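Visitor: Please take me closely through one part of this structure, in a connected account, and give the cut-offs behind the terms as you go.

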Amino acid sequence: MKLLEGKVALITGAARGIGKSIAVKFAQEGADIAFTDLNRDENMEATEKELEALGVKAKGYASNAADFAQTEEVVGKIKEDFGHIDILVNNAGITKDGLMMRMSEAQWDAVIAVNLKSAFNFIHAVLPIMMRQRQGSIINMASVVGVHGNAGQSNYAASKAGLIALAKSIAQEVGSRGIRANAIAPGFIETAMTAALPDDVRKEWALKIPLRRAGQVEDIANVATFLASDMSSYISGQVIQVDGGMNM
Ligand code: NAD
């Protein structure tokens, strides 16, 4: 029996990167996959095809995770299309880095909306479904930066710390209904997000990693699969750092 057989997973921002890798791993473990991203583009279509080729039901939905009304609508559609939602991964995220003295209000607001408010939007819409089912696993994609802070990323760090506290609070609110909530805090993972960093910044990060390699998307997908599955049925309200032992 596969680890996620019979489960439906909803993953936000999963047309590429870490979210896509989680979708693929979940599908390999037998879950049907509903995923969102900003647009119905070639990435979304390719991800949908790749997932279907793994023999599961898979559908991508264009939806801005930062938008409350759009989220309510898309979760309603997913419930109709898939019947139930057992796993929610709040993965959509962006960076808009800058030192506080130079950070604009727009930079602050955008990162908090996409990274943190989105998780409120999705948890708020999905919880009633999970409560009726009396089971569910919620995973917030945080960051080591949300645990340790990082100069030049105060907006991002605050949003990721918020995702950790949100998971811990939800774990306490709905644990009695059989619903678990946890956070993953990735370190430096090779994706489009980190490829965009200047070389000197990438080198500086590499020096902080005792395992002497950057993380791969599969490193995160493996932990997400563990947290989504019954293998972790007694783990809730935790944040798991997946960072090669990084010294921040
Ligand atoms: P990525 O940029 O490759 O992928 C992010 C995806 O989210 C994209 O497909 C993007 O279109 C989508 N997205 C952005 N805004 C959205 C919105 N408003 N609504 C819906 N979808 C939206 O990034 P990634 O590296 O795969 O990161 C995934 C998550 O992991 C993010 O939350 C990120 O903060 C977190 N993370 C990444 C790293 C890393 O090193 N890459 C480290 C720690 C945490």
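Guide: Over residues 7–220 the chain is 51% helix and 15% strand, with the end C-alpha atoms 19 Å apart; helices (H or I, at least four residues) and strands (E, at least two) are DSSP runs numbered from the N terminus. This is a predicted model, in which local features need pLDDT of at least 70 and side-chain atom pairs count only at pLDDT 80 or more, while totals for chains, interfaces and linings use all residues. Residues are numbered from 1 along each chain as its sequence is written, and side-chain values use heavy atoms, with hydrogens and water left out.

The part to look at is the open sheet, whose seven strands pair in parallel in the order S3-S2-S1-S4-S5-S6-S7, where pairing requires that DSSP finds at least two bridges between two strands. Strands S3 (58–62) and S7 (239–242) stand at the edges, each with a single partner strand, so one side of each has no neighbour in the sheet. From one strand to the next, the twist averages 15 degrees. Within the sheet, S4 (residues 87–90) and S5 (residues 136–141) run parallel and are joined by four bridges, and Ile-87 has Ser-137 in S5 as its bridge partner.

Helix H3 (residues 68–82) packs on the sheet, touching S1 (8–11), S2 (32–37) and S3, and its direction makes about 160 degrees with that of S3; contact means heavy atoms within 4.5 Å, and axes are lines fitted to C-alpha atoms, for helices over the stretch in contact, with angles running from 0 to 180 degrees between N-to-C directions. Helix H4 (residues 105–133) also packs on the sheet, touching S1, S2, S4, S5 and S6 (179–186), at about 175 degrees to the direction of S4.
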